[in-house]
Amino acid sequence: MTDAGKESGGMTTARAVRRSLLVSLWFMFLTLPILVIRVNPVAQEIVWRWRNLFLIGVGSFVLSLVGQFLTHRQTRRTPSLTPGRLAIFRQRCMREPQIYVPFLLCAVLTTLLFPWFFSTYQTNIMTTALMYVVLGLGLNIVVGLAGLLDLGYVAFYAVGAYSYALLNHHFGLGFWAALPIGAGLAALFGILLGFPVLRLRGDYLAIVTLGFGEIIRLILENWNEFSFGPSGIANIPRPGFFGLDLSLAGATVYLYYLMIGLVLFTIFVVNRLQNSRIGRAWIALREDELACQAMGIDKTRTKLTAFALGATWAGMVGVIFAAKTTFINPPSFTFLESAMILAIVVLGGMGSIAGVVIAALVLILLPEYLRAFAEYRMLLFGAVLVIMMIFRPQGLISSARRAYKFMPVPVAAGRNKRHGTAADH
Amino acid sequence: MGPLLTIDRLCMDFGGLRALDHLNLSVAAGEIVALIGPNGAGKTTFFNCLTGLCAPTAGEIHLVVPGRGQRLRLNGLPPNRVTEKGLARTFQNIRLFADMTVLENVMIGRHCRTKAGVFGAVFRSAAARIEEQQIVTASAAILERLGLGSYFNDLARNLPYGAQRRLEIARALATEPVLLLLDEPAAGMNPQETAELDELILKIRSELGIAILLIEHDMRLVMSLSDRIVVMDHGEKIAEGTPAEIRSNPLVITAYLGEDLAQTA
């Protein structure tokens, strides 16, 4: 708190210390019954663990001080027009080939050789993470670009998974035939959901989509004749590789590469979509629905394409999920999954492809590698989420709008001209 | 030349409140008509009815596009269809797409005149690429014309206030309207900016041949700009005429100043 203290005197420091003292006292009081007092019923005595009280007091005092310091620094920093040091560094990394080429090469080699250097278990986790990358990118179309808060996204994932499982069970359809069908069916469900919610926005939309997700799950759970109920569907074949029978390890590696391919395909398509006429219409819809309509954009069609295209990816990943686990049942498609995918989109940065990819990898891999912390795993995970949202509410990487270049107006001339008009005013 | 836009006995009720009461109005091609009246007279509601954001309770709205000849019925159409037919508007409280760039804002206006779909976007077919290029060129040209050429890639939210107002007009022009509806375009502007706006509106009329219907409280602007002025109060049209006629109309003075003041004045 050095320069902050200098600027506004010792007052802020004193106040921060006083607040932290209060916070630590409050925490000591709150945790007293759980962490300090222990009743031993056998010996009929009460054990007072004063050491715990001391640790909690000191710990919460320090954490509160650090937290106050950081928020103080953040609010004091005025948003300036000149980009920060980090942004300049990032721009330099993106522009200079001698920086980004080796980095890119490293990343490509790691992804390609990953299954050969790590165990089947690690490859499996990585495949799951890649599945969430695609799910995140799919939901990013609906939530990040079109601004439609969808809490029932997992329903489309379930549609994809069940369409493969059921088509395979009844008609013996293979993985590659089921993939487009699952995607198409999910898109159809996306449109089906889209129609009733066309008029809804924000919180209301969120509640209806949440209900929709639950309806799909409850149907799968209770309509035994159709979906085999809670017992699920087993023995779903893994994807075939030109008629070859792969071992379990082989199939894992194969699925890994399949997911890499799908991730690249998704990034390609979403990137092209968001810089197209349709993508612009989605963003305009997110920014101001009324103005968007008044500018001649068909709200109905734009919303439905967003729902349908978002659902398509969930359907595809659903088919892959069924093929990967070879067994599916309704508990795989609870609201928690929707919430997780939404967390990926929000944490990554709404509408930002790179952000969503990184967030998906972090959010899925973090709990796996935090297993060392055993029961504190989810606590740490939650803490990371909360801290992220406090200090970077715009997400890991906020989306930047595309800059266009023109032949008739070179950038330099444009800049000179701005000075001209500024002088005119 | 016959009227471009004809409004016949337009009514709009909100519950028990009659916001528009049998309003008749017409705008000829290339004409600048101003709509004035005290706050709450129903001017913005009238715009909302015209552009399809509100569905009028009764009455007819017809548009005759000079080149195309047919008489198009506008009431009951959704807002995007009305814009397609050739009516474009700006908003009283600026409603730009704040997190999009200036150019993208105008490119949105081109949406209803282009048609590339999902497949065009993903596969970048020749047609889609050419169309996209045309959207950029046309939008850039409009920005240049409105003196926003230096802001192309800035986010709309970062523009100075006057430029934001002009960008709203640019965005509306991108939809290729035959009639432009401006809802208080000079609100919050300083005299210098208002003078520039006056010039701009006249330029839009003379160079693009677009008729303009505007709501405005700045009387100096209204008087200098309009061919005809329509005065509204309590949802009714109380007067109509040239600026000179309106200035001396006792009904208008009463509506603006209230009965007592008008008598003493």
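Chain A and chain B bury about 3,800 Å² between them, with 61% of it on carbon and sulfur atoms, where buried area is the accessible area (1.4 Å probe) that two parts lose on being put together, summed over both. Of the area that chain A buries against chain B, 21% is supplied by Arg277(A), Arg280(A) and Met295(A), more than by any other three residues. This is a predicted model, in which local features need pLDDT of at least 70 and side-chain atom pairs count only at pLDDT 80 or more, whereas totals for chains, interfaces and linings use all residues. Residues are numbered from 1 along each chain as its sequence is written, chains are lettered from A and ligands numbered from 1 in the order in which they are written, and side-chain values use heavy atoms, with hydrogens and water left out.

Contact (heavy atoms within 4.5 Å) joins 38 residues of chain A to 46 residues of chain B. Two salt bridges are counted between the chains, each a side-chain nitrogen of Lys or Arg within 4 Å of a carboxyl oxygen of Asp or Glu; in the one between Glu132(B) and Arg280(A), the closest N and O atoms are 2.8 Å apart.

| Helix | Residues in the contact |
|---|---|
| α7(A) | Ala155(A), Phe156(A), Ala158(A), Tyr162(A) |
| α9(A) | Phe212(A), Gly213(A), Ile216(A), Leu220(A) |

Key
Helices (H or I, at least four residues) and strands (E, at least two) are DSSP runs, numbered from the N terminus.
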